[in-house]
Amino acid sequence: MKDLVLIGAGGFGREVAWLVDNINKVEKVWNLVGFIDPAHKGESLNGVPVLGGMEWLSSRQSPVSVVCTIGNPEIRSKVIAEVSIYSTVSFATLIDPSVIMSKWVEVGEGSIICAGSILTVNISIGKHVIVNLDCTVGHDATINDFCTLYPSVNLSGNTHLKSYVELGTGSQVIQGINVEDRTIVGAGAVVVRNLPANCTAVGSPAKPIKFN
């Protein structure tokens with residue numbers, strides 16, 4: 001078994017700990033050492049210890065796999081940059097055993113695909129992406145690095161999410177749509193037209209309401 005640390009002990013972090021437990025029920029892959037989260041140092045959350053802050057990783061002498069469970073793409077990116085300097089750290093990819101996906105799906109390092117999600121064929125998922133519970137991703141979709149899909153997102157075929165995109169809970173993106181870098185799509189929105197970079201879009205059909 002390989003040692004694994006989760007960065008972030010919030011609600012999603014605890015859900016990912018459950019995902020790790022699900023993986024180990026099928027095959028003993030991960031030894032979950034604990035969480036990295038200075039706000040909860042010394043606590044035990046659902047039986048998993050909180051080890052402290054980044055100083056724990058900096059003092060680590062043996063190899064350890066890491067996944068960042070922080071939903072916000074910008075913060076997640078900064079955390080990954082910070083831990084990448086440690087020679088003992090590598091990045092795990094976590095996929096819940098209940099996920100239905102074909103062999104024609106590529107998933108980058110550090111990414112998380114949660115229970116109940118379905119990914120069909122010829123899909124490319126970048127590094128440090130989060131696909132939360134009960135999402136669907138259609139054929140020929142591309143999801144770039146550091147995107148976050150919150151629960152029950154439907155991403156249709158031939159769609160392209162550029163980097164750092166966030167799709168809110170229950171949102172839908174119809175086929176062939178591009179969503180540019182760092183755009184946020186609100187919960188329940190329906191995206192029927194391409195969205196520009198750095199905006200927040202809401203509604204059905206989704207329209208930009210502000211630029212970030």
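Is glutamate 55 buried, exposed or partly exposed? Glutamate 55 is partly exposed, at 42% relative accessible area (buried means under 20%, exposed over 50%, partly exposed in between, with a 1.4 Å probe and protein chains only).

These legends describe a predicted model, where local features need pLDDT of at least 70, side-chain atom pairs count only at pLDDT 80 or more, and totals for chains, interfaces and linings use all residues. Residues are numbered from 1 along each chain as its sequence is written, and side-chain values use heavy atoms, leaving out hydrogens and water.

**View 1. Glutamate 55 pairs with lysine 41 in a salt bridge.** Their closest N and O atoms are 3.8 Å apart (a salt bridge is a side-chain nitrogen of Lys or Arg within 4 Å of a carboxyl oxygen of Asp or Glu). Glutamate 55 sits in helix H2 (residues 54-58) and lysine 41 in the loop between strands S2 (30-36) and S3 (44-45), so the pair ties together parts 14 residues apart in sequence. Helices (H or I, at least four residues) and strands (E, at least two) are DSSP runs, numbered from the N terminus. Lysine 41 is exposed, at 55%.

**View 2. Glutamate 74 meets arginine 182 in a salt bridge.** The N to O distance is 2.5 Å. Helix H3 (residues 73-83) holds glutamate 74, while arginine 182 is in the loop between strands S21 (178-179) and S22 (184-185), so parts 108 residues apart in sequence are tied together.

**View 3. Valine 137 belongs to the largest nonpolar core.** This core has 28 residues (buried Ala, Val, Leu, Ile, Met, Phe, Trp, Tyr and Cys residues joined through side-chain atoms within 4.5 Å).
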